[in-house]
Amino acid sequence: MAGPHKFTVLYVDDDEDSCFMLQTLLGFSDIDVSPEHTVKGAFQSAEAKHFDLFLLASRFDIGSGFDLCRDLHKFSPQTPIVFYTGDTRATDRQKAMDAGANAFIAKPDSDAIESLIAAYVTETAKTINH
């Protein structure tokens with residue numbers, strides 16, 4: 001018999017400190033955060049494992065979070081995608097939403113990201129239990 005479902009997040013950001021901070025913060029809520037630091041690695045992880053949410057930065061040395069968002073949305077359209085980025089211009093927000101994102105949160109608002117993920121955790125638990 002399987003245990004309770006543990007909410008899983010793929011967090012894609014080339015800032016290792018940000019990944020560590022979010023992994024630690026969400027770990028207190030028993031959320032499994034898998035960090036990836038490249039666009040290519042992120043898509044490979046998404047293909048290899050089920051995630052309940054994709055959390056993306058917008059800029060990378062190679063590739064873009066917006067392109068990754070489009071690819072992830074095509075690959076797994078039911079999985080919510082949230083941008084968590086320091087790029088706060090209205091055009092960045094619009095590009096994220098046009099690429100298929102469900103939400104856009106500006107760094108370093110960790111309270112907002114924690115609240116949003118908690119809402120997704122609650123919704124996922126309702127779906128699993130019904």
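Tutor: Contact here means heavy atoms within 4.5 Å. The model is predicted, so local features need pLDDT of at least 70 and side-chain atom pairs count only at pLDDT 80 or more, whereas totals for chains, interfaces and linings use all residues. Residues are numbered from 1 along each chain as its sequence is written, and side-chain values use heavy atoms, with hydrogens and water left out.

Student: How many residues of strand β4 are buried?

Tutor: Helices (H or I, at least four residues) and strands (E, at least two) are DSSP runs numbered from the N terminus. Buried means under 20% relative accessible area, exposed over 50%, and partly exposed in between (1.4 Å probe, protein chains only). On one side of β4, Ile81, Phe83 and Thr85 are buried, as are Val82 and Tyr84 on the other. For β4, residues 81–85, the count is therefore five of five.

Student: Which residue of β4 stands opposite Phe54?

Tutor: Two strands pair if DSSP finds at least two bridges between them. Strand β3 (residues 53–56) and β4 are joined in the parallel sense by three bridges. In this pairing, the residue of β4 opposite Phe54 is Ile81.

Student: Which residue of β5 is the bridge partner of Tyr84?

Tutor: Strand β5 (residues 103–106) runs parallel to β4, and four bridges join them. The partner of Tyr84 in β5 is Ile105.

Student: Within what arc do the buried residues of α4 fall?

Tutor: In helix α4, Asp92, Ala96 and Ala99 are buried. The arc is taken from the directions from the helix axis to the C-beta atoms. These buried residues line one face of α4, because seen down its axis they fall within an arc of 70 degrees.

Student: Which elements do those buried residues pack against?

Tutor: Ala90, Thr91 and Asp98 are exposed on the other side of α4. The buried residues of α4, in contrast, pack against α3, β4 and β5.
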